[in-house]
Structure formats: C-alpha cells, structure tokens
Amino acid sequence: MATAIELKNVSKTYKGEEDAAVRNLSLKIEKGKIVTLLGPSGCGKTTTLRLIAGFERPEEGEIYIGEKPMARENVWISPEKRRIGMVFQDYALFPHLNVEENIGFGYRDSDREKRVFEVLEMVNLIGFEKKKIHHLSGGQQQRVALARALAKKPEVVLLDEPFSNLDTHLKQKMRNEVKRILKKANATGVFVSHDQKDALAISDEIIVMNNGVVQQKGSPKRIYQFPNNPFVAKFVGESNLIEGIVEKDKRWIRTGIGRVPCNQYHIITEGERVLLSVRPNGFTLTENSELRGVVVGYSYVGENLEVRIQLFDDEREKKTPLLVYLHPNEIVQEGDELGFTISANFVSVVKEC
Ligand code: ADP
Ligand code: MG
C-alpha cells in the first residue's frame with residue numbers, strides 16, 4: 001500500500017510554552033484510508049493536523065505527503081501547494097457568501113462551475129447553490145465545508161472534530177455520509193476526535209494520542225478489544241484493570257478474582273505478573289461458574305444493562321466491584337448472586353506490573 005502521509009520524529013513547541021504540543025511524533029497513514037487521531041483535549045491533535053496542512057512548522061522532524069517531503073531541514077512547502085483539503089472544527093465558512101461561492105472560493109481553474117456542481121452532487125446539496133450559510137442546518141453547513149475541502153481534488157482531507165457540533169442523531173447519519181463521500185472522492189481522510197464512539201465508527205485505523213505522544217495504533221476492533229496500556233484501556237471505552245500471574249500454559253491468568261482466560265500468549269511468560277484490561281462486554285452469565293459475585297449496583301442505559309458486581313472470592317486489595325455489561329433484556333436487583341464466564345476476546349495485557 002502506498003503511503004499518503006508520513007511524520008518522522010516531529011516535534012512542535014509553541015512560542016513561550018515550556019512543554020511540546022507534539023513530541024517526537026512518528027506516524028504513517030496509508031493512501032485511501034480513514035484514520036482518526038483520538039485523544040483527550042490538549043493532547044496535540046489539532047497541532048498534528050496543522051503540521052500536516054502546513055499551518056505550523058515543526059522545529060524537528062520530517063513530514064511527507066505522498067513520497068514528497070513537505071517539511072524537513074532546508075525544505076518547506078507552503079499549505080496551498082500541499083494538495084490538502086481541510087474541514088475546520090467550526091467549519092470556517094464565509095457568512096457573507098452563498099453555498100456556491102463558499103465552495104468555489106479560491107478555485108481559479110476554468111472548470112470552476114463544473115467542479116462546484118460535481119462536489120455539490122457528492123455531498124447531496126444540489127438545489128442549495130444560492131442559499132445563505134446562516135439559512136442552513138448544522139449538518140448542511142458541514143456538507144458545504146466538506147464540499148469546499150474536496151473541490152480541488154485533494155489527495156488528503158483533514159477534518160478537525162467535524163462531528164462535535166452535531167446532535168447525536170445527526171452525528172450518526174453524518175459519520176456514514178462523510179465516510180461514503182471521502183471513499184467516493186478517493187481521498188485519504190485524517191480525522192481528529194476526542195470522542196471514542198466517532199473514532200470507532202468511522203475509522204479504518206485509530207491512532208490514540210496522549211500528551212503529544214502516540215499511545216497505540218490499530219483497527220477500531222483491535223484498539224477496543226486489545227488495548228496495550230492502561231491509558232488506552234480507560235480512554236477508549238470502559239475497562240476493569242486486574243492484576244494477575246501467568247499460569248503454566250499461558251492461556252490463563254490467575255488473578256484476585258479467579259482464573260481469567262487470555263489469548264495473548266505470545267507476549268507473556270509463565271510466572272510473569274501482568275495487568276489485565278477486561279472489557280465490560282467480555283462477561284457472559286453462566287450459572288455454575290467459579291467466578292461468582294453479588295450485584296451492588298446497576299443502571300439501564302438502553303443498549304446495555306451496566307451492572308457492578310462484587311466478587312465473593314475477591315482477593316484484590318481495593319476490591320473494586322467489576323463493571324459488567326449485560327444484555328438489556330436481563331433483569332437484576334441489588335443483592336442478586338450471579339455467576340459468569342469471561343471471553344478472552346475482551347481480555348488484554350496492558351502492562352507488566
Ligand atoms: P487538541 O487538539 O488535542 O485539543 P492542541 O493541538 O490544540 O490539542 O494543543 C496541544 C497543546 O498545545 C495544548 O497544551 C495547547 O494549550 C497548546 N497550544 C495549542 N495551540 C497553541 C498556540 N497557538 N499557542 C500556544 N499554545 C498552544
Ligand atoms: Mg483540537
């Protein structure tokens with residue numbers, strides 16, 4: 001697969017700041033993929049996008065788009081020459097211009113009219129050409145911003161928190177819509193988000209960041225089911241962190257709550273002390289299981305029944321109840337005794353203890 005974007009050991013510290021916004025960051029994004037930089041506010045996501053776009057210049061490191069260097073020692077390519085489209089967090093549309101004028105802004109080739117029509121069609125806004133921006137809904141404004149970013153047939157489209165201003169229902173619709181449009185335009189999409197649901201739903205690959213540093217890269221499924229450090233386990237979804245010791249055949253970990261299955265035998269050794277992340281989705285009610293406990297709290301949230309279970313044999317020091325997601329059809333009450341088994345597909349080694 002060809003590489004669309006590559007950052008090699010890129011660092012950026014803003015003037016007057018002590019800490020780097022982005023530190024020694026390396027990442028590679030394949031052509032045609034949709035990738036999300038996911039992390040908490042202030043972790044350096046927007047700075048990374050601005051470095052790729054050329055709105056910021058790194059003090060150290062190299063940035064490539066396609067195979068071509070954009071920024072490195074003695075090389076600097078300005079933003080307008082980078083074949084990049086950008087959708088800003090607040091859309092940054094021109095309020096005094098109509099839809100058509102916004103999309104065609106800065107487009108100087110003779111096929112302007114034809115191209116504006118093409119991208120309007122792509123984003124399903126035919127008929128809206130003459131509308132004023134403030135007469136459009138949030139979702140429509142987002143389509144205009146995307147159409148403007150696509151007008152010059154960019155190789156790469158950068159989108160900074162594009163769903164943060166939309167309500168939940170519209171958000172779901174726009175996620176699918178934006179994904180379809182980017183794939184149709186044959187563009188590589190780089191999203192920035194602090195919302196794990198958006199990231200999981202839209203991405204081919206997720207890059208989790210914290211404090212300007214990459215924590216883990218992988219498919220949404222890989223990141224969710226097999227986080228490789230406690231930060232990723234806690235930031236992308238909920239997780240139970242449990243210490244244990246690797247048993248003889250490396251398929252089981254003996255923990256304070258009992259034996260937990262694990263299929264990451266290739267990264268652990270017998271007798272090793274490890275920290276496990278066990279996702280709340282990894283539990284199945286099983287009557288005669290050795291893992292048993294009592295319900296100490298629950299909340300029904302529609303897609304799940306979120307249950308807190310205090311285990312009987314819990315030898316862990318803090319004895320934090322386990323968080324377990326059950327099917328919403330289940331009925332439980334505080335004080336109920338439950339047995340369950342754990343699926344190894346939701347158990348991940350997050351760190352040596
Ligand atoms: P994110 O998009 O993940 O919220 P940013 O890239 O915006 O994070 O910010 C990373 C860090 O850089 C933060 O500590 C932020 O305060 C700082 N920062 C961002 N922009 C500037 C700026 N223009 N001047 C000084 N500091 C900045
Ligand atoms: Mg940001």
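**Close-up views of a predicted model**

**View 1. Bridge partners in β17 and β18.** G293 has L311 in β18 as its bridge partner. Strands β17 (residues 292-300) and β18 (residues 305-311) run antiparallel and are joined by seven bridges. Strands are DSSP runs (E, at least two residues), numbered from the N terminus. This is a predicted model: local features need pLDDT of at least 70, side-chain atom pairs count only at pLDDT 80 or more, and totals for chains, interfaces and linings use all residues. Residues are numbered from 1 along each chain as its sequence is written, chains are lettered from A and ligands numbered from 1 in the order in which they are written, and side-chain values use heavy atoms, with hydrogens and water left out.

**View 2. The open sheet of five strands.** Its order is β16-β20-β17-β18-β19, with antiparallel pairing. Two strands pair if DSSP finds at least two bridges between them. β16 (283-285) and β19 (322-326) stand at the edges with a single partner strand each, so one side of each has no neighbour in the sheet.

**View 3. The shell around ligand 1.** Ligand 1 is surrounded by Y14, E17, A21, P40, S41, G42, C43, G44, K45, T46 and T47, counted as near if a heavy atom lies within 4 Å.

View 4. A backbone N or O atom of G42 lies 2.6 Å from an oxygen atom of ligand 1.

Note on methods:
Polar contact = N/O pair within 3.5 Å; in protein donor to acceptor, adjacent residues only side chain to side chain. Helix = DSSP H or I, 4+ residues; strand = E, 2+ residues; numbered from the N terminus.
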